[in-house]
Amino acid sequence: VQLQASGGGLVQPGGSLKLSCAASGNIITINDMGWFRQAPGKQRELVASITLGRRTIYADSVKDRFTISRNDANHTVFLQMSSLKPEDTAHYYCNADVLPTHSSTYRDVWGQGTLVTVSS
C-alpha cells in the first residue's frame, strides 16, 4: 500500500491551494486519514484529520481556513487551503490508517510529502 501526495507549489499570501493524496494497492478499507506538516527546524504537526464517519479535527492555526475531505471510492484525501500565510510554508504529508487485503491489522501509512511555499 502506498500514498501519493500532489498539489503543492508556490502561492502568494492570501492565495489558495488544494492538496490531494491517493492510496494505491490492495485495500479493504481506510479508517482515519489526515494531513501533517513539517516546517524547517520544527516538529511535524497535525494539520487536519478525518474519520471514516467524516468527523474532522483541525489544528487551531488552520481552523476556518483549511478544509479536509475524502473520497472513499478511490481512497483519496484532500486538503483545501485558503487564505494562506507565510507560516503555512512546510512539507505536507498525508497519512492513512489502512486495512490491506489478506490482513486483519490496520497499517499506518505515510505519503512522501509535498512542499507548499507561501511567499510574495
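Predicted model: local features only at pLDDT ≥ 70, side-chain atom pairs only at ≥ 80, totals over all residues.

Trainee: Which strands form the open sheet, and in what order?
Mentor: Four strands form it, in the order β1-β3-β8-β7. The pairing is antiparallel.

Trainee: Which ones are the edge strands?
Mentor: β1, residues 2–6, and β7. Each of them pairs on one side only.

Trainee: What does the twist average from one strand to the next?
Mentor: It averages 15 degrees.

Trainee: How many bridges join β1 to β3?
Mentor: Five, and the two strands run antiparallel. Look at Q2: its bridge partner in β3 is S24.

Trainee: Switching to β8. Is strand β8 largely enclosed or open, and why?
Mentor: β8 covers residues 76–81, and five of its six residues are buried, so the strand is largely enclosed by the rest of the structure. Buried here means under 20% relative accessible area.

Trainee: Which strands does β8 pair with?
Mentor: One is β3, residues 17–24, in the antiparallel sense over six bridges. In that pair, K18 has Q80 of β8 as its bridge partner. Another is β7, residues 66–71, again antiparallel and over six bridges. There, S69 stands opposite F78 of β8.

Definitions and conventions
Residues numbered from 1 in each chain as written. Heavy atoms only, no water. Buried < 20%, exposed > 50% of the residue type's maximum accessible area, 1.4 Å probe, protein only. Pairing = 2+ DSSP bridges. Axes fitted to C-alpha atoms, helices over the stretch in contact; angles between N-to-C directions.
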